[in-house]
Amino acid sequence: MFLSIVDSNRRLSQIQKLQYLSSSVSGNAFKLIKNVPLTNQGYTSAWRLLEKHFDDAFTVIHYEIDKFCKIPTISTPNVDSLTDLYATAVSVLDSLDGQNATSRDSWVIYLLLSKLDSETKYLWSRDPEAQFPTLNKFLDFLSARLKSLEMCQTIPTGDSYQQSKNPSSKSIRSRLNLAAVSGETSPAACPACKQTEHKIFRCSLFLNLSSPDRLAVIRQHNLCRKCLTSTHNTRDCTYFHCRRFETTHHTCHEIIVNFIAD
């Protein structure tokens, strides 16, 4: 309407058109052009600013659907409320027809956008596909956004990343010791009976030996006296102490203190 009444009116000067334009807009549109100088070139500059900022299919369609969805609910029948509802609905649908937005796509995109976070909405608004959106393009965008978030969640950052790159030697020894004791590494033959079905601390042959004989087996195979594995020395072991005597040997080979001191 503004184009036919003002912009196309040859009897109006450029300055008069700028004045009419300034009085016809409000909100962010007015803020955008309020500092444009009142000159013959000012009207052209103001019009270009408004076109650049507001004249795109996504913004217009989103605005019209938003206006439709915000039509107030009528609680009691009256002429004024029903007239407003009807007029708004017809105006929105006519505007969408003018944008060739007659399919379900625009409505579904609007409803999905209303459920998204502000960052994702911003990324969509910057996507070139948003200028002429279709539901398939929007779903492709959501799929790419999902993959991006999944990738970000799997990449460690900060201190956790440095720790994962440079774990302490103590933590390495702890994991090795626990792995050896719990059987998480590849099966190795029991030093006492040479079978692979169990560890030495569960070996009936080893457990039935006397304490000195157990210690002899441990020394023969260079086993750690605390966790009974051959992956490290006793002094480097972080496994727990004997639960009975609180000394540095495994609970299953209880021997006298002078044997331990050797």
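## Overall architecture

Along the sequence, the protein follows the pattern α-α-α-α-α-α-α-α-α-α-α-α-α-α, and there are 14 helices and zero strands in it, where helices (H or I, at least four residues) and strands (E, at least two) are DSSP runs numbered from the N terminus. This is a predicted model, in which local features need pLDDT of at least 70 and side-chain atom pairs count only at pLDDT 80 or more, while totals for chains, interfaces and linings use all residues. Residues are numbered from 1 along each chain as its sequence is written, and side-chain values use heavy atoms, with hydrogens and water left out.

Of the 262 residues in the protein, 28% are buried, a term that stands for under 20% relative accessible area, with exposed meaning over 50% and partly exposed in between (1.4 Å probe, protein chains only). The protein exposes about 18000 Å², and carbon and sulfur atoms supply 54% of that area, as computed by the Shrake-Rupley method with a 1.4 Å probe, only the protein chains shown counting as cover for residues. Among contacts with a separation of 6 or more, 45% come from residues 24 or more positions apart, a contact being heavy atoms within 4.5 Å.

Leucine 85 is placed in helix H6 (residues 79-98), and it counts as partly exposed because its relative accessibility is 32%. Together with Ile74 and Leu82, Leu85 makes a nonpolar surface patch of about 230 Å²; such patches are made of residues with over 30% relative accessible area and no salt bridge, nonpolar side chains (Val, Leu, Ile, Met, Phe, Trp, Tyr) being joined within 5 Å and like charges within 9 Å. A salt bridge here is a side-chain nitrogen of Lys or Arg within 4 Å of a carboxyl oxygen of Asp or Glu.

Valine 92 also lies in helix H6, but counts as buried because its relative accessibility is 0%. Neighbours within four places in sequence aside, valine 92 is in contact with Glu64, Lys67 and Phe68. The C-alpha atoms of valine 92 and tyrosine 63 are separated by 9.2 Å, although these residues are 29 residues apart along the chain.

## Aromatic pairs

A search of the whole structure finds five aromatic pairs, meaning rings of Phe, Tyr and Trp (its six-membered ring) whose centres lie within 6.5 Å, with planes under 30 degrees apart counted as stacked, over 60 as edge-to-face and the rest as tilted. One of them is the tilted pair of tryptophan 124 and phenylalanine 141, at 5.2 Å centre to centre and 55 degrees between the planes. Tryptophan 124 lies in helix H8 (residues 118-126) and phenylalanine 141 in helix H9 (residues 135-154), so the pair ties together parts that are 17 residues apart in sequence.

Both tryptophan 124 and phenylalanine 141 are buried, and Trp124, Phe138 and Phe141 form one aromatic cluster.
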